[in-house]
Amino acid sequence: MCGFLQVFKKELSIEDIEICRESAEIIRHRGPNDTKEIRHGNAFFVFNRLSIIDLENGVQPFNYNDKYTIVFNGEIYNYKELRNELMQVGYSFKTNSEIEVIATLYDKLGKKLVNKLRGMFAIVIYDREKEKVIGIRDNFGIKPLYYMKKDNGLYFSSELKALKNIFDNLTYRSEVLGEYATFQYIPSNQSIFKEVKILPAGHLVEKNLCGDERVERYFDVTFNEKHHNKEELKKNIKSVIRESVAKHLESDVPVATFLSSGIDSSIVTKLASEINPNIVSYTIGFDINGYDETEHAKRFADEIGIKNIGIKLNYKDYIRELPKIVYHMDSPIGDPSIIPLYHICKAVSKDYKVILSGEGADEFFGGYNIYTEDESLKMFNYIPKGMKNILKMVASAVPDNTKGKSFIIRGSTPLEKRYVGNANIFNVNEKSKVIRNYNKLKNDLKITEDLFKDVKSYDNVVKRQYIDINTWLVGDILTKADRMSMANSLEVRVPFVDKEVFSLASTLKKENKIQGFTTKYALREAFKDELPEYLYTRRKLGYPVPMRVWLKDELYDWAFNLIESNPVKDINKDEVLNMLKKHKEGKGDYSRKVWSMIVYIIWYKLYIDKSLDKDDVFEIS
């Protein structure tokens with residue numbers, strides 16, 4: 001695991017090198033064990049390393065036979081098999097590192113090497129013979145890769161903040177506030193700054209010295225449903241996930257595991273404990289009834305015979321380091337679970353460099369409760385389209401917190417016009433109040449509407465999965481995991497988000513995923529005999545945060561004052577304050593809406609008007 005910064009430029013000056021060195025230091029948290037740099041002709045690399053595989057010899061940037069210079073962030077879980085394949089056709093190796101395997105594969109296959117890699121990765125290759133540079137991001141976007149074309153050069157970085165340091169006058173795109181207000185993150189391949197792009201998952205970008213960059217897709221999420229024998233399917237699911245966990249445990253340093261009270265992390269932890277009985281699990285919770293998973297996790301850990309370390313946060317802990325946490329996000333993400341994730345990563349990093357997590361199971365196996373929505377809305381299948389339009393019009397006119405309003409609007413609206421993934425924070429009417437000069441005709445849902453076109457012939461469960469894998473998973477789930485772990489120099493590995501696991505999951509039919517209101521049906525059945533029954537009956541929590549409770553009481557004054565100080569001209573602070581007041585008075589749950597605006601305001605203060613510093617702390621009595 002690491003962080004890198006690279007520039008490829010026709011005329012590379014001493015000033016370019018100096019600013020790149022300085023900017024790479026800003027992301028040193030991604031790789032505190034070692035820093036190396038190298039210049040070859042028109043390319044300059046700086047690499048910060050977190051040593052995990054081949055501690056002695058896996059040094060980067062890696063120079064291959066004076067032909068290619070490569071940096072790589074991530075893990076290749078099949079690198080040993082690939083190494084053996086290459087040796088069988090005559091290649092020799094000087095190290096046991098992943099980076100040498102990547103370089104050798106490129107020598108043999110060129111950019112088609114991506115089809116052989118299994119893992120999480122962001123790779124930049126400088127081909128000195130052909131005078132070109134190639135950037136590659138893994139299939140599902142587990143690892144980040146930013147790039148920017150500026151001053152006749154192409155820059156790459158593991159984090160946006162390093163590029164921001166090189167060019168402090170980047171153009172802030174205020175128009176993304178509408179998308180953010182819908183999704184709680186910015187769901188596009190264009191970052192919050194006009195000049196900086198995010199390489200999409202499953203894509204590569206290529207640039208010759210005197211040419212423009214070309215972006216190419218090498219992997220797309222495709223579903224190939226087929227009939228399965230029930231018992232055979234259970235066997236295959238267990239086999240592919242067990243093999244993936246085993247791969248993700250391979251490391252030259254000790255590995256720990258996250259453990260919540262849900263089945264996903266429990267499956268990973270159980271399988272990991274069978275391979276390593278001494279593995280340690282970590283859980284985080286809060287001292288508020290209904291928001292604490294530590295006791296449930298400890299019970300499970302005790303049953304399988306492993307150690308569990310529980311951590312609890314209070315409201316003071318939650319906001320104290322918020323400037324630093326938002327700074328490490330790079331872009332605003334209004335997901336309240338980011339803060340406990342940061343704190344648990346901070347605790348784990350005192351003793352470990354690597355930890356396993358259960359992300360991805362919901363998207364791959366159909367685990368979100370919203371995937372069962374068709375069952376509750378099936379009565380609308382018998383209502384004529386014209387009547388649905390009338391019902392929708394009437395429901396839209398009543399106050400937002402009127403009971404049944406959301407149900408009628410959802411039932412009367414086609415999936416493609418209403419489903420934007422797991423976080424649908426503000427509707428159009430709310431955005432027109434919260435965002436100044438918001439144009440109701442602006443289509444913040446174009447991203448998802450375009451994605452729906454790719455799966456128009458599939459059932460609604462697949463459609464939701466496809467949207468979530470291409471937006472929510474990569475834009476929120478994997479991004480927060482990467483930023484919060486790497487802020488603490490910790491590597492998070494996600495065994496469910498694996499190309500072999502998805503290869504099987506993509507063949508599941510609807511009944512293998514959803515049965516009535518039961519989600520992840522086939523996954524649950526596969527591990528039913530290995531996990532206790534209470535894991536199957538508890539409702540899904542994730543990282544539950546008592547924001548709804550705190551904003552009514554302990555954090556109310558702090559939130560009020562922060563919103564009152566809002567410097568973002570596009571945010572109508574009076575409307576946000578009105579939502580906060582109504583929340584306190586019990587006139588509706590506005591906690592997620594208010595919190596998303598708080599995060600955006602803090603981000604703006606850190607990155608735009610710079611009235612906050614990342615080392616500032618929020619202290620309240």
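Strand β1 (residues 2-9) and strand β9 (residues 153-157) pair in the antiparallel sense, over five bridges. Pairing here requires at least two DSSP bridges between two strands. Helices (H or I, at least four residues) and strands (E, at least two) are DSSP runs, numbered from the N terminus. Phe8 has Leu154 of β9 as its bridge partner.

This is a predicted model, in which local features need pLDDT of at least 70, side-chain atom pairs count only at pLDDT 80 or more, and totals for chains, interfaces and linings use all residues. Residues are numbered from 1 along each chain as its sequence is written, and side-chain values use heavy atoms, leaving out hydrogens and water.

Now widen the view. Six strands form an open sheet with antiparallel pairing, in the order β2-β3-β1-β9-β8-β10. From one strand to the next, the twist averages 15°. Helix α1 (residues 14-26) packs on this sheet. Helix α1 touches β1, β2, β3 (43-49) and β9, where contact means heavy atoms within 4.5 Å. The direction of α1 makes about 15° with that of β3. Axes are lines fitted to C-alpha atoms, for helices over the stretch in contact, and angles run from 0 to 180 degrees between N-to-C directions.

Next, a helix pair. Helix α26 (residues 573-584) packs against helix α27 (residues 591-607) at an angle of about 140°, with the axes 9 Å apart. In α26, Val576, Met579, Leu580 and His583 meet Ser591, Lys593, Val594 and Met597 of α27.
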